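This report concerns helix packing and charged side-chain pairs. The sequence and model are shown below.

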Amino acid sequence: MTADTNVLVRAAVGDDPVQAAIAGDTLVRAELVAVPLSALCEFVWVLRRGYGRNADEIAAAIRALADSANVRLDQPAVEAGLAMLRAGGDFADGVIAFEGRRFGGTVFASFDRSAVNLVAASGNQARLLSE
């Protein structure tokens, strides 16, 4: 099965007891749980913006998910996202920069000064765009 973001959120947050139980049971019983990067990026956004979770709490939730025996995800991209999150940036920016390099885009370009600085600080090429 492929887990939608709302399933991951319900299982991690447990704010709706009925849905949390269904989500948790579904995730545990599935032979394989595919977690697309887009779902993880949404997951991080919802936990941060909707639930006010901090970077450590979000990273722990992702680690718990990634460590589940039946979960399949893009581990190197997730690690890049977590590194960006730990550095004070956005998980999605880390994933975007990583995937871009994997596809041959050697320079991360953005109008987001913080993201550019964090990508550059990680040893990768980055360019701040200006108007």
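Is glutamate 79 buried or exposed, or does the residue count as partly exposed? In this predicted model, glutamate 79 has 27% relative accessibility and therefore counts as partly exposed, as the value lies between the limits of 20% and 50%.

**Salt bridges**

Five salt bridges are found in a search of the whole structure. One of them joins the side chains of arginine 63 and glutamate 79, with an N to O distance of 2.7 Å. This pair links distant parts of the chain, since arginine 63 belongs to helix 4 and glutamate 79 to helix 5 (residues 75-86), 16 residues apart. Arginine 63 is also partly exposed, at 31% relative accessibility.

Arginine 102 takes part in a network of salt bridges that links Asp74, Glu99 and Arg102. Its partner aspartate 74 sits in the loop between strand 2 (71-72) and helix 5, 28 residues from arginine 102 in helix 6 (residues 91-102). Glutamate 99 lies in helix 6 as well, three residues from arginine 102, or about one turn of the helix. Relative accessible area is 41% for arginine 102, which is partly exposed; glutamate 99, at 23%, also counts as partly exposed.

| Salt bridge | N to O distance |
|---|---|
| Arginine 63 and glutamate 79 | 2.7 Å |
| Arginine 102 and aspartate 74 | 2.5 Å |
| Arginine 102 and glutamate 99 | 3.7 Å |

**Helix packing**

Helix 3 (residues 37-50) and helix 4 (residues 55-66) have axes that come within 10 Å and cross at roughly 145°. The crossing is right-handed. Leu40, Phe43, Val44, Leu47 and Arg48 of helix 3 meet Ala55, Ile58, Ala61, Ile62 and Leu65 of helix 4. The contact comprises nine nonpolar residues, no polar residues and one charged residue.

Notes:
Residues are numbered from 1 along each chain as its sequence is written. This is a predicted model: local features need pLDDT of at least 70, side-chain atom pairs count only at pLDDT 80 or more; totals for chains, interfaces and linings use all residues. Side-chain values use heavy atoms; hydrogens and water are left out. Axes are lines fitted to C-alpha atoms, for helices over the stretch in contact, and angles run from 0 to 180 degrees between N-to-C directions. Helices (H or I, at least four residues) and strands (E, at least two) are DSSP runs, numbered from the N terminus. A crossing is left-handed if the near helix is turned anticlockwise from the far one by less than a right angle, and right-handed if clockwise. Contact means heavy atoms within 4.5 Å. Ala, Val, Leu, Ile, Met, Phe, Trp, Tyr, Cys and Pro count as nonpolar, Asp, Glu, Lys and Arg as charged, and the others, Gly among them, as polar. A salt bridge is a side-chain nitrogen of Lys or Arg within 4 Å of a carboxyl oxygen of Asp or Glu. Buried means under 20% relative accessible area, exposed over 50%, partly exposed in between (1.4 Å probe, protein chains only).
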